[in-house]
Amino acid sequence: MTGLLFALFFLFMLLGVPIALAIGASTLVAIHAQGVPLMVVTQQMFQGINSFALVAIPMFILAGDLMAQGKVSEKLVDFADALFGFLKGGLSLVSVGAGMFFAAISGSGAATTAAVGSSLVPELKRKGYDPASAASLIAASGTIGVVIPPSVPMIIYAVIAQQSVSKLFLNGFIPGLIMGLGLAAIAITQAYRRNYPRGTPLSMATIWRTLKSASWGLMTPVIILGGIFSGIFTPSEAAVVAVNYALLVSLFVYRDLRLADVYRILIRSAITTSVIMLVIATSAVLSWTLSSWQVPGAIAQAVLSLSTDPYVIMLLIVAIILLTGVFIETASALIILTPVLLPLVTQLGIDPIHFGIIIVMGLAIGMITPPVAINLYVASSVTQLPLERITRAILPYLLGLICVLLLVVYVPIMLGWSG
């Protein structure tokens, strides 16, 4: 029956069926063929989304959309330019720095790519930067959006694996920072090779001015994460606080949004949330089915039979995660892979929090690997460049991010990991 389930799933995917429907339909046919009462489907779908932690997902999505549509992203880009623009190829570093700043606000890779790209692309073109390379760097920087907290994929993983959202958020900072440093190193190398110009001269007055202007946006992660780690509120409550703060800043401080804009953003965020929730609900049925058929245990035993060396097995797991991210979007891949791989990594003695960071990072890299590659599509839309050109230019950044992922896998203590 497992073969039938996966055969139907990949058939539906090839036919272009939406991922939620592909998961739900293939699982429905497989369990019906086994004679399981179909009432189980609705029960498991409801159970899959019946979690208080999931309340944070629509709220963080809405907060990120509100910040992305207003002037917050522009203020962050200006601040990053004041810090890094004086260096050779400084705008490349601004792309990475602004991506990291916005990552701490949005929790979304696509939102980070769109916000930074729309603010920086005209200036990058004007200064003579290679358009495809600049677009690919912005897309690669967008992957940090789901690693530096708050992170929607981390919340999904925490619910599936029954782990602490706060611990996942706490352990996402340093890996996200090293991802940014890795991208920055590659960008600087390319800047010297292509003789990119220097940007804004270094000025403490400019840094102070842009810092004051961007402070409202920079306070968002301080309020959210400070409240979570201090125990003042839960991650779900923090998400609601983030929405209220984003509304306050956008409507009354920067005054860059009108009520009509807020209504439009609410509709878009609701659509995004409904898609994610439907994927979670149908994937819960798939997870229950695989568990009842003892598939995760069988896969664990099969992989362990290949090698007893945990380093080799972790390399295989990383390959599986990266390959899955190529074909399936992040939330769906996370829900499918976690129940299958988590029993295996726990047998290897890997802490579930550490594995959560690994799988989120691995699937984040999938955001820049076609054909799914949502960050590349966003970057292509923002820059009006063909996807093929951006895909060719993304290769150095892709390899750099994979190296950072392997560093997180094999040297967790160096990265400040705390269980």
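A cavity is a set of points, on a 1 Å grid over the protein atoms alone, where a 1.4 Å probe fits but cannot get out. Its volume is the space filled by probe spheres set on the points, with grid points joined across faces, edges and corners.

This is a predicted model: local features need pLDDT of at least 70, side-chain atom pairs count only at pLDDT 80 or more, and totals for chains, interfaces and linings use all residues. Residues are numbered from 1 along each chain as its sequence is written, and side-chain values use heavy atoms, without hydrogens and water.

**Exercise 1.** Describe the second largest cavity.

*Solution.* 
- Step 1: Count. The structure has four cavities of 30 Å³ or more.
- Step 2: Lining (residues with an atom within 4 Å of a point). Among them are Ser-92, Tyr-129, Asp-130, Arg-194 and Tyr-397.
- Step 3: Elements. Helices (DSSP runs of H or I, at least four residues) α8 (131-142) and α11 (173-194) each give two or more residues to this lining.

**Exercise 2.** Classify the ring pair of Phe-60 and Phe-169.

*Solution.* 
- Step 1: Rule. Rings of Phe, Tyr and Trp (its six-membered ring) pair if their centres lie within 6.5 Å; planes under 30 degrees apart are stacked, over 60 edge-to-face, the rest tilted.
- Step 2: Count. The structure holds five aromatic pairs.
- Step 3: Apply. The centres of Phe-60 and Phe-169 are 6.5 Å apart and the planes stand at 65 degrees, so this pair is edge-to-face.
- Step 4: Place. Phe-60 sits in α4 (residues 56-69) and Phe-169 in α10 (residues 165-170), 109 residues apart.

How values were computed
1 Å grid on protein atoms, 1.4 Å probe; cavity = no way out; pocket = protein on both sides within 12 Å on 5 of 7 lines; lining within 4 Å.
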